[in-house]
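Visitor: Could you take me through one part of this model up close? I'd like to see how the pieces of a single chain meet.

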Protein chains: 2
Amino acid sequence: MKSIEQNRAEYERLIEVFRAHDIGYFFYNGGNDSMDTALKVSQIGQSLGYPVICVGVPKTVDNDLPHTDCCPGFGSVAKYVAVSTREAGLDVASMARTSTRVFVLEVMGRHAGWIAAATGLAGRKPGEPPHIILFPEIPFEPERFLERVKQCVTDYGYCVIAVSEGAAYPDGRFLAEAGTRDAFGHAQLGGVAPVVADMIRQRHGYKYHWAVADYLQRAARHVASKVDVEQAYAVGKAAVELALEGHNAVMPTIVRKRAKPYRWTIGHVPLAEVANR
Amino acid sequence: MKSIEQNRAEYERLIEVFRAHDIGYFFYNGGNDSMDTALKVSQIGQSLGYPVICVGVPKTVDNDLPHTDCCPGFGSVAKYVAVSTREAGLDVASMARTSTRVFVLEVMGRHAGWIAAATGLAGRKPGEPPHIILFPEIPFEPERFLERVKQCVTDYGYCVIAVSEGAAYPDGRFLAEAGTRDAFGHAQLGGVAPVVADMIRQRHGYKYHWAVADYLQRAARHVASKVDVEQAYAVGKAAVELALEGHNAVMPTIVRKRAKPYRWTIGHVPLAEVANR
């Protein structure tokens, strides 16, 4: 949402609706933008003399909210992409000698590499997939990348690559946007996986396959992480409890108590320390 | 493999290797082409005076071998695509009013629509995803398709489409091959899902997402069908038993004894009745 100064009318209308329906609590779950919205709603409520208790609830597969150990949604996507990378890796390994040598899996996370990084959980020892992970935070260098692909095929017989949808060139252009255009000037249809796969084909000629998991990864309840589901319910419950205790403009957080074995509890922080940080 | 007449030298070399290593049994698993190869190896063995017992073992996610109730591999892929379609469908349904209205999932099966059809298991009642399935066996009619997409969005608020990688126009061109070319004349990089999604965007302007499951669907052991796994082991075991009993040029089959509840047993047929039929 725009700032209160820029869009006062819209915020005033919101409070008007709250007043008409006697709404005293506002819970909003999501990532950075959503926490920012929750904070603004609490501010406008106070400034218009209609105090509404606003609680943000962390929920983003991108896992990029500060002050919380992790964000509900991420754990399950991490499990999905790790499992998928290992499974597809076994498939490619079994036939690399005579068929597909390169497999590219595109995962979500336009600005945060947490999901891409989670594919790394698939490998237990050196040489196991994924052999290369392309992060949105690390500028993509084609020459270095193509050399590494060749080295993997030489060393291991195949190469499995996980690429974030947000992988970008040093000048900031997304790989997915750097492709060709059709007769009408539309950008090419594909995601980043086919771009990377074709780059490899053009240089090395290896047979390849690619997959774009898209919504499948974030909707895959059948392989959800148990801890992730528990944390999702826990932050929702904590949000209601915080509101009933009168806390305003806060967000429940997941606090890590111990790494191995993983132990966690619930805390909370002011939304002002979270919103669009 | 080519016919024995066309490629006698290669077959003779094969038998030579068999003889040198005292190989008396040849088991070959796969789909139509593999059954054809197994049959040819048994024929050349006999004609060269080195009888080798050849048994084909059915295994193809395409599910297109005749004389068997189904092919090991298919049941698990069917489960994967049905589960994925339902999960992604719930995701789209939850946000269609303000965001993505169209979701396209590309599945395998270049010449057989069994996998595409299996996405239909996701829907329990009318209006539930998938709303449209594009089969390789049914020529694609763009106008009829685009009209149906619009109707779905009007009726249900969103539209989930499953498309076989082998979907083709009435003249036989694959949709995936019908796209644009880059500056070097290379065919576009994408699969069929982005082609279909872009077709919808151009006509209706709906926000869309698309996924290409590729190897993920056939490697997904974490969500394998129990019956499928049992059948895979059963045909392998039966193949060895058939060979030890002296059967040559045969393929074990899965025989359906009852539909509900599903009951099956193992039979067998001559490879000549299976090979490339």
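Guide: Chain A splits into domain 1 (8-72 + 225-273) and domain 2 (75-223), with bounds that come from an automatic or database domain assignment. This is a predicted model, where local features need pLDDT of at least 70 and side-chain atom pairs count only at pLDDT 80 or more, while totals for chains, interfaces and linings use all residues. Residues are numbered from 1 along each chain as its sequence is written, chains are lettered from A and ligands numbered from 1 in the order in which they are written, and side-chain values use heavy atoms, leaving out hydrogens and water.

Taken over C-alpha atoms, the centres of domain 1 and domain 2 of chain A sit 34 Å apart. Eight residues of domain 1 and eleven of domain 2 make the contact (heavy atoms within 4.5 Å). Together the two domains bury about 760 Å², with 54% of it on carbon and sulfur atoms; buried area here is the accessible area (1.4 Å probe) that two parts lose on being put together, summed over both. On the domain 1 side, A:Val61, A:Asp62 and A:Ser225 supply 58% of the area buried against domain 2, more than any other three residues.
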